[in-house]
Structures are given as C-alpha cells and as structure tokens.
Amino acid sequence: MNDRATVLITGAGGFTGRHACQRFAAKGYRVFAMVRKAVGWPVNEKLEYIPCDLTDRAGVKQAIEQTRPQYVLHLGGKNSVPDSWAQPLLYMESNVMTTLYLLDALHSCGLGDTRILVAGSRLKFGLDRPLHPTHPYGLSKTLQEAAALAWGKLFQLGVLIAEPGNLIGAGPSTGICSLLARHIVRLERGESPPPFQLSAADARRDFLDVRDAVDAYEMLLRKGEIGEVYPVCSGRERSLAELVEDFAQLTTVTDMRIQAGPSSGSGSASPAEPPLSQALWGLGWRANVAWEQSLLDILDYFRKEGAATL
C-alpha cells in the first residue's frame, strides 16, 4: 500500500483476530489491536495494542478518539453455543451492545467515513414471524447484524456484514478441526485420550481457512458495498467423515479412536446450503489455501507451538 491506512481490529486476541492482525500488518496497514488487557502479549513492532473491554462504553469511545481508524474490523464478542445457554444476557451484551457502543463512538467522533465490517454468523435466523431461535448465541448474532445495519442506515455509517463459514487454521481455535487435531497429536505422543466424539459422521460443514477469510475481510473493507451482507465461505460442504479420513492421511496414527453418533439424516446438513461467495468473487477475492494444507497447518501447530496446551 502507498498510504499507511489505519485499521482497528477488535477481538485481536482471538483466533481470527490474531491472524487478522498479522495479515493486515503484512499488507502495510497501521494496525491497532484491541485487547482486554495490555499485559501478556508478545512485543510486536507491527502492532499497537489498545487495551479496552468492549463492554465499557466510555472506554470504547476513548479508544476510537485515540485511534480514529479509517477501517474497523469488528471480531470481538462471544461465540460458544453451549456457553450462551448458561450466560444468555452476557451474550446479548457482548455481541449486540458492544457493536452499538462501537458504532455510537464512531458517530460521536465524527468518523462517518470510517468503514466498519462486522463479523456476523451463519447461525443467525430470520426475523420474520413466527420467530424460530435455536439458541441464545444465534439470537445475539441475529440482533447484532440487524442492529448494526439499522444503526448504519440511521446515522450514515459505513457498516458492512461478513458471515463466515467454519473458519479453520493454525492457532488457538475451539472448532471441530482443531479439537480433532489436538486429539490426534495426543495419540501421536503415545497418550491415551478418551475416544473423540463426533455428533454424526454424515453431518456436513463448510470449512474455510482463516487466512482466506481475513483476505476476504480486507477486500470487503476496501471495496464492499455499504449496507450489504456478504457470505464468506468456500461454497463446498464436507462431511465429518471426510474430515476424519483426510486427517488420517496426514498422521501415522492407525487407530484414531473416534466414535460417531447415529446418522442425523436430513437434519445433519447445515441450516441452508453454503452460499456461493459470488459477490466476493466479483471484487476479486478467491480462496487460495488448499484444504490439505489447512489440515496440515493445524496439526503442525499442535505438534509444535500448541503442544504445551494439550
């Protein structure tokens, strides 16, 4: 990049956030990495850490005043379906209200030209009556998207939504690919973990490497149409049985000790077929990381850097 554009990345300490910080910095952006606490992070000359809890409205406004970013990639929030049942109000605050705090701060600071990409979820549901929420997490993401788009329209803010598929890759993820990789690495080390439980071998997911997703996010921040919702996915679903088979090709473990639940039949698929990323393709984005490379990178992460977390 010729000019040093500034980007504020919320949730910078999370799985996707860490990849986003690295890739935006590598592309020449001045990166403000928003984390809850400034301590405990490795020194990185390419990043400027901004300590801020997104639930602190005053703190969010102060961070926006301090950084005055041209772009905001909003990755912060909660994303565990089981945990959302235990703490539903926390999920509303962490996903809905924090987004509004962020947008309100941009508006009050006169940053109407800032473009903000909110990471939504394919687990949202329609707002047509009667409502059919499936869990508090899905409700929080549904309301987050609706509130962000409405706030952007009401106050002339540059809001876009990205709806990623199942993001995979090296790093501290709690997704199915990382959980399975951890299990395999423990077997490679001669341990005897309990059998790995799959919900159903025929359950299907759309997997996308997190690096491709971050490249899509950057493309959308620069070229996406304000007010639009963009699927960010590979467009291809794989069964969990395929996932296990492909991991098996990358390890010397012969018995991976995996147990699968009964076939879930027609209900095993995702709520809808994965949408094609045609709008993203039109902007010039392509998924470039091969499936096998993603799986190998995940395994290698837990064989090396992640070994201490097993």
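Start by selecting helices α8 and α10, where α8 passes α10 in a right-handed crossing (right-handed if the near helix is turned clockwise from the far one by less than a right angle, left-handed if anticlockwise). The model is predicted, so local features need pLDDT of at least 70 and side-chain atom pairs count only at pLDDT 80 or more, while totals for chains, interfaces and linings use all residues. Residues are numbered from 1 along each chain as its sequence is written, and side-chain values use heavy atoms, with hydrogens and water left out.

**α8 and α10**

Helix α8 covers residues 240-248 and helix α10 residues 291-303, and their axes come within 10 Å and cross at roughly 70°; the two helices are therefore roughly perpendicular to each other (65 to 115 degrees). Show the side chains next: L243, D246 and F247 in α8 meet W291, L295 and L299 in α10, a contact being heavy atoms within 4.5 Å. By class, this contact of α8 with α10 has 5 nonpolar, no polar and 1 charged residues (Ala, Val, Leu, Ile, Met, Phe, Trp, Tyr, Cys and Pro count as nonpolar, Asp, Glu, Lys and Arg as charged, and the others, Gly among them, as polar).

Residues of α4 including Y91, M92 and L103 meet residues of α5, among them L139, L143 and W151, and the contact of α4 with α5 divides into 13 nonpolar, 4 polar and 2 charged residues.

**The second largest pocket**

Finally, select R18, H19, Q22, W41 and P42, which lie nearest the centre of the second largest pocket among its 18 lining residues. About 350 Å³ of space lies in this pocket. Helix α1 (15-26) and strands β2 (30-35) and β3 (47-51) each supply at least two residues of the lining, and α1 gives the most, with 4 residues. By class, the lining has 12 nonpolar, 5 polar and 1 charged residues.

Note on methods: Axes are lines fitted to C-alpha atoms, for helices over the stretch in contact, and angles run from 0 to 180 degrees between N-to-C directions. Angles under 35 degrees count as roughly parallel, over 145 as roughly antiparallel, 65 to 115 as roughly perpendicular and the rest as oblique. On a 1 Å grid over the protein atoms alone, a cavity is a set of points where a 1.4 Å probe fits but cannot get out, and a pocket is an open set with protein on both sides within 12 Å along at least five of seven lines; lining residues have an atom within 4 Å of a point. Grid points are joined across faces, edges and corners, and a volume is the space filled by probe spheres set on the points.
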